[in-house]
Amino acid sequence: MSQDHPASPRHLVSIDDVSIEEMHALFAHADRFAGNPRTFADTCPGFISASLFYEPSTRTRLSFESAMLRLGGGVLTAAEMTSSSVVKGESLADTIRVVGGGYADVIVLRHPSEGAARLASHFSPVPVINAGDGSLEHPTQTLCDLYNLHVERGRIEGLDVVLAGDLKYSRTVHSFAFALARFGANIVCVPQPGFELPEYVVKRLHEEFGVEPIRADARRLGNLASNSDAVYLTPQKPHQLSLFTDARGWEVQQVDAVYMTRPQTERHSSKEMSETQYLRLEKRAMAAESLRDAVVMHPLPRRDEISDEVDADPRSIYFKQAARGVPIRMAILSWLLGRIDLDVPLPKAAEPSLAVPSGPNPCPNPSCISRTETRHAGPRFHVISETPLRAACAYCTREISFGLVGCSSTGVYHAPGAAAVGQIHFHHLVLLEDEAAAVRLGFRPSAAPDPSARA
Amino acid sequence: MSQDHPASPRHLVSIDDVSIEEMHALFAHADRFAGNPRTFADTCPGFISASLFYEPSTRTRLSFESAMLRLGGGVLTAAEMTSSSVVKGESLADTIRVVGGGYADVIVLRHPSEGAARLASHFSPVPVINAGDGSLEHPTQTLCDLYNLHVERGRIEGLDVVLAGDLKYSRTVHSFAFALARFGANIVCVPQPGFELPEYVVKRLHEEFGVEPIRADARRLGNLASNSDAVYLTPQKPHQLSLFTDARGWEVQQVDAVYMTRPQTERHSSKEMSETQYLRLEKRAMAAESLRDAVVMHPLPRRDEISDEVDADPRSIYFKQAARGVPIRMAILSWLLGRIDLDVPLPKAAEPSLAVPSGPNPCPNPSCISRTETRHAGPRFHVISETPLRAACAYCTREISFGLVGCSSTGVYHAPGAAAVGQIHFHHLVLLEDEAAAVRLGFRPSAAPDPSARA
Amino acid sequence: MSQDHPASPRHLVSIDDVSIEEMHALFAHADRFAGNPRTFADTCPGFISASLFYEPSTRTRLSFESAMLRLGGGVLTAAEMTSSSVVKGESLADTIRVVGGGYADVIVLRHPSEGAARLASHFSPVPVINAGDGSLEHPTQTLCDLYNLHVERGRIEGLDVVLAGDLKYSRTVHSFAFALARFGANIVCVPQPGFELPEYVVKRLHEEFGVEPIRADARRLGNLASNSDAVYLTPQKPHQLSLFTDARGWEVQQVDAVYMTRPQTERHSSKEMSETQYLRLEKRAMAAESLRDAVVMHPLPRRDEISDEVDADPRSIYFKQAARGVPIRMAILSWLLGRIDLDVPLPKAAEPSLAVPSGPNPCPNPSCISRTETRHAGPRFHVISETPLRAACAYCTREISFGLVGCSSTGVYHAPGAAAVGQIHFHHLVLLEDEAAAVRLGFRPSAAPDPSARA
């Protein structure tokens, strides 16, 4: 049964929104589309996609537009949104309502602010596909990467995948790591020294997927890891323990894929990279026995992190990888447009987010869409735990801790666990960082008398 | 019978070019297209539209391109013409002749200069659609607005439509007002104080459509008009006089539509708006009894002139209004491409304009296309009256008064009514502002002897 | 039999790559397409072209895109490549491999660097069409110009074609001149004084096509040549000698076409044009008896070099000429996509170029693509003669002379003809400008002892 569209369209904002079953079904359709891409023009005839790009990304845009054209659809292109209606002060919410209201049947959105696609999905009558929102998500890139493993290896579960290079700033790599863990693949981290996987990523891998990091013996990776401490991340399933050769750690055996990443220099502080030479995949690195059957992947564009000589190696699949972006996007578009049926159960819907009823925007992330899109959308959050009070921004997912809860009606603040909190009407609830913030906003402790009542 | 195309294509430059009968026929076709827009791909197969945008306007462009794709046609996009051939010094006339000569079957033109679309229509072998030329015309926006009234109210004649906000600088509002008057609708002006409908608009409403402005009692408009003096403009037809409750003016009864406009800040002088807060349509304003059945319209983009709360009100149709831009543009495109037939008589052709044979360009409008497009097109005008001698620029429609008429052959100038004027060959006719201008250009009075003859 | 595609696609990089037979076949197909361009939508259904424009050229882009749409294909547009992936440091080679690898079936490339299309063709799995690379080639413009002669005159061989204006800097005119010579047409040069055909063009015309320049008596050209010394360039075939009226030169008889060019002011030094007024084709120039049947052509855009009055002359075909760019590009696209068959023998393949094995890039042309595209492509050349050692850059075709040959293994340099040169392994070959360059790079003469061997 196809999506219940357009009454409540399905969006693709985060890779987390898509179930493993759905991904497998999408891969199967992509396989079909990849066969002879010019024979599917009857899949979406009369349908229109709109590319709304608030920052340029020609490769991503062309990949989507190629997919839509192959499906027989039409394409509207707004490659430079910033030079247009933004100048006239239109909110993203309004633009989405207009374009989704009658111009297009699906919106492909690229935006520099984190959470922009989530916000757009709240307002769009048609499916929104996130084509990259700041450094947060780029789910079709992740689906493309996973699809490549599926094609090259026939499966994803149990694969050993090396992630190499800048693992600190590349959020695409983080999304890919989470997805690999969900599929039950093992990750071998070979970071550029100083650019290891951030703690919060490792923590989430552990909490959500039971992944355990183990210091790995990377001698068999040879030259590739000569300059780096490898770490092995594996979902804790009994059958995989046999991979470990002894108690001191894990010895890398055969690797299935090496995923190279470019240095995200646009996010580096000026000095961070100056001393160290960035990792470069050379021909001799590929000679390591453990890489004998490994495919080399790269999300592209690359700069100097893969040597020219490696291009000719049959294990290098990065250009094929990019080409496969078209059939996987054909699958995604025809799925969200209700033109193919995945025949799998719908995943559990996420908890709806809560609006921040009053007070300042608690999200501390300066690139969050909630910071700039203030005209028709307000801050929203998901509660993660009640005591201590922790929440996540509903747009950019940044975690926020609150020390106190205020009531905008009484002007009083309380500890999150206090009985009085249960009495506060939702519209009067104010989440407060700490006492200083509470006082600055004019709140007083619950014990203190109400000065206005006294007067 | 379809348009006699391409020998003499029909263009859409000004809303004035379209008869009431044609508009009704276009609305009927738009109704049909709106039904299921994806089923009309056989309307314009193999046809191509070209979007030539000399200033960005993503919304308008996407609306046209969506319409063309829905009709099964192809789309050429030049969204940033200024960065292109203009740099190489090509005239608009030449660009139009090339694009219209073989690349496209219809040209959608957006240009910052007033009268640009009229000029383009003089050179184009295919229909030109004006998608906005400076602050002059945007006829498809006007048709979209009228179409919305037609859909929401079933008729336009006799409706009471409130125009609210900046009525001074919004030329879209002026076009809309003229069109409403032509249809026999009544206009209630609720301007931002200081931003009333300009005198020349009221004058034209009176002269062309017999519209009489009456100071209105706007108490029933409640909050909406609390800050503003309302004026009622009505075509003088006997049956409408009954609307007036007494001799002192008209009392607003039930309003059919409220048309909000944004402040055209880009055209305001720096101080004009600083003191006054711009009108904002709030929920409580919509509670007025007179607005009970009124739909709220806005050409979009909006900024803060409509409150968020109003979005959820079922009377708010501005997003529907934008969506209906697609079916009405499908009707316009298929009409001008000769693919549908309006089955109404052709309107009377406008008088051809006259070239300014010699001398300086008499049009005083600095944003008129005749000021910059000098290579392959010269100034042209329409004579409005002979004594006093008044003309209108054939491009930007600006009225020009002339005090004197010169003959470039004899070097003599005359009063417009003088018998000698009839003797001047058209190619020698020079229109002169006044005596000072005449002398500056080397003309002498008709009485004075010819110095060159004497020598 | 269609092209052997995509295993080894045929590209259109230079007009020299296309044989006369192929051009005639393309003209025949273009004639067919020109008949009713809207009836060929079944020619390339499901095929996609990608316009990759690294500098804006709206006219050229729209012409290609119109052709592709008329053929029923889809179009991907990247009109402003410079603002996109280039910023992320991606090489042209990688972009071409990605776009050609899966997004598009044919690439239309415009690039400011000379030789960019040649380089792209080395990496592309799909056909590359050169839509202008710097001032080097614009083969579809040349094919369009030739096609116009074919349509207007029914043949090209033996025609007398006037090339007028800036013949020095317009490389389009140079390409056109070479192509006319190949077809056996005669050229009458009427240059803007100071902007004559460069010596190397005349030399190549002589060496490759046996063309002889003869000072012409241009009195019959009247006003057109009043300010200019005309030169007649004719392929030396016996039957054409009869054209010459006497031994002193050739007298211009009936001209078949006048090809006007605009001043290439962007390539002029600041003073070059200041004194002289650029040639302007006026009505009275067209009154010359010799031009009675001449068509007037111009590649457009024009500025002031053709008077408005000439536009109305039925001999002025420049707008028709531009319009015919669509059917000829329909022929080119459907040919390279293997959808039509030219039924002529394949031309002889060009000699493969040689990589510069080591040492500095010998190409002295600062706008050559080999200067900037250094990541995945190295300098390459074609040897023209061995003694003296002359080569041509494989990208920009610039000729290079070498005084010496070095061996990077022994560190010794030799004269090009020396016996020792034959012993140097290709990978050690270094081409050296002269002794100073050799010494600067650490080479020593063949006689001198090896200092490192001594140590």
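Which residues in helix 5 of chain C are buried? The views below, taken from a predicted model, start there. Residues are numbered from 1 along each chain as its sequence is written, with chains lettered from A in the order in which they are written. Because the model is predicted, local features need pLDDT of at least 70 and side-chain atom pairs count only at pLDDT 80 or more, while totals for chains, interfaces and linings use all residues.

**View 1. Helix 5 of chain C is mostly covered.** The buried ones are Pro139(C), Thr140(C), Gln141(C), Thr142(C), Leu143(C), Cys144(C), Asp145(C), Leu146(C), Tyr147(C), Asn148(C), Leu149(C) and His150(C). Helices are DSSP runs of H or I, at least four residues, and strands are runs of E, at least two, numbered from the N terminus.

**View 2. Here is helix 5 of chain C from end to end, residues 139-153.** First C-alpha to last, the helix reaches 21 Å, close to the 21 Å expected at 1.5 Å a residue (1.5 Å times one less than its number of residues). Just past the helix, Gly154(C) takes a positive phi of about 80°.

**View 3. Chain B meets chain C.** The contact (C-beta atoms, placed from the backbone, within 7 Å) takes 25 residues from chain B and 21 from chain C. Helix 3 of chain B gives the most to chain B's side, with seven residues.

Technical notes:
Buried ≥ 20, exposed ≤ 12 C-beta atoms within 10 Å, placed from the backbone. Contact = placed C-beta atoms within 7 Å.
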